[in-house]
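Please open the model in your viewer and keep the selection tool at hand.

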Amino acid sequence: MEQYFNFDIKKHNTFGISALAKEWISFDDVKELQQFIRKRPLTKEKHFVIGGGSNLLFIGDYDGALIKANFQGIELLEESEKYVYLKVGAGVIWDYFVDYCVKHNYWGAENLSIIPGTVGASPVQNIGAYGVEAQDIIFDVRAINKETSNERIFSFDDCEFGYRNSFFKKDNKQEWIVTEVVYRLSKEANRNLSYGPLKQLFAEVPEPSIKEIREAIIKLRESKLPDPKEIGNAGSFFKNPIISIEENNKLIQDYPQIPYYLVDIDKSKLAAGWLIDQAGWRGHEQGEVGVHQKQALVLINKGKATGKEIFELSEKIIASIKKEFNIKLEKEVIIID
Ligand code: EPU
């Protein structure tokens, strides 16, 4: 266990925002965390469980304890003719896990290549990209109760996965800390090339290898999304809004080229990036913050931004999209104050 006071979280959030946390406590194994909770139940104090810090915005200093479950390890739990079941520690870097799967020819995670963050965040946020979501490969999730320190195994159904959402994110009482995730990966090729740009890329390659798919995804992401090591950002700042078909039909009349995807018989998903781009925000800069030139969904820290500046820009964008399209954008990034 490591514990620090007045800890600068600059290196622990991909926006690269400097802010002080009253306390920072990181744990190397589950038992250590359980012992800690028995003495100091986390439900009784202000705290936040932090993963790779890739989907967070600190608006100022944090007057509480940041808890980091730094559990490592990838363990082969079970193997059948078709599948492997891997138990992975919450602190494992997400892309280290994806790379491990690709090297072993375990299919399912490759479309989620180079998403920043840790394994522990993958079920919380139900991370997704290029036609795949974490829920497609999650078998179960192991977590510790912040009050009692008891462990519980959440089955797939218990996780209540939705678009960038899950039981763990909805959990208002914030009762659980994810410690390990069990993924079920396929030993047989199981390609998902449904996402438009991927389909185009592989039009001439009928059966790309898992390695080729990973490489294509890396190129696609790198062409649109800034590398947080160079430009502070948290990926998509907003969720793609889900609206009714009636609302969608009205929008099509005014904006015939509007991209949308049907998600249900009576609902569709719009591209927030397109809306923000149409409203003229792409490439916009104000002071130390801006909207990424190649992808309007991404807000950036040009170097010395404060969390408050990024937050204020996001509020301006939300108001502008409401005015222009009568659509209420929701933040995908979690705001911490
Ligand atoms: N578009 C624009 N202008 C822009 C951005 C997008 O016109 O500035 C248009 C594109 O041309 C396209 C549509 O909007 O027609 C959708 O854009 P894109 O395919 O880039 O995907 P997205 O909806 O913007 C989502 C995820 C990303 C994920 C990509 C790829 C959300 C909020 N975002 O973005 O996830 O990588 O699909 O699957 O669902 C993240 O969550 O942090 C993230 C990066």
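The domain bounds used on this tour come from an automatic or database domain assignment. That assignment divides the protein into domain 1 (2-69), domain 2 (74-224) and domain 3 (232-336). This is a predicted model, in which local features need pLDDT of at least 70 and side-chain atom pairs count only at pLDDT 80 or more, while totals for chains, interfaces and linings use all residues. Residues are numbered from 1 along each chain as its sequence is written, and side-chain values use heavy atoms, with hydrogens and water left out.

Begin by colouring domain 2 and domain 3, whose C-alpha centres lie 25 Å apart. Where the two meet, six residues of domain 2 are in contact (heavy atoms within 4.5 Å) with nine residues of domain 3.

A backbone N or O atom of Tyr130 lies 2.6 Å from an oxygen atom of the ligand. For Asn240, a polar side-chain atom lies 2.8 Å from a ligand oxygen atom, and for Ala296 a backbone N or O atom lies 2.8 Å from a ligand oxygen atom.

Then move to His292, in the loop between strand E18 (289-291) and strand E19 (299-301); helices (H or I, at least four residues) and strands (E, at least two) are DSSP runs, numbered from the N terminus. Is His292 buried or exposed? Buried means under 20% relative accessible area, exposed over 50%, and partly exposed in between (1.4 Å probe, protein chains only). His292 is buried, because its relative accessible area is 9%. Beyond its neighbours within four places in sequence, His292 is in contact with residues including Lys224, Arg282 and Ile300.

Finally, select Phe58 in strand E4 (residues 56-58), which is buried with a relative accessible area of 1%. Not counting residues up to four places away in sequence, Phe58 touches Ile9, Asn13, Ile17, Ile50, Leu66, Gly307 and Ile336.

Note on methods
Polar contact = N/O pair within 3.5 Å; in protein donor to acceptor, adjacent residues only side chain to side chain.
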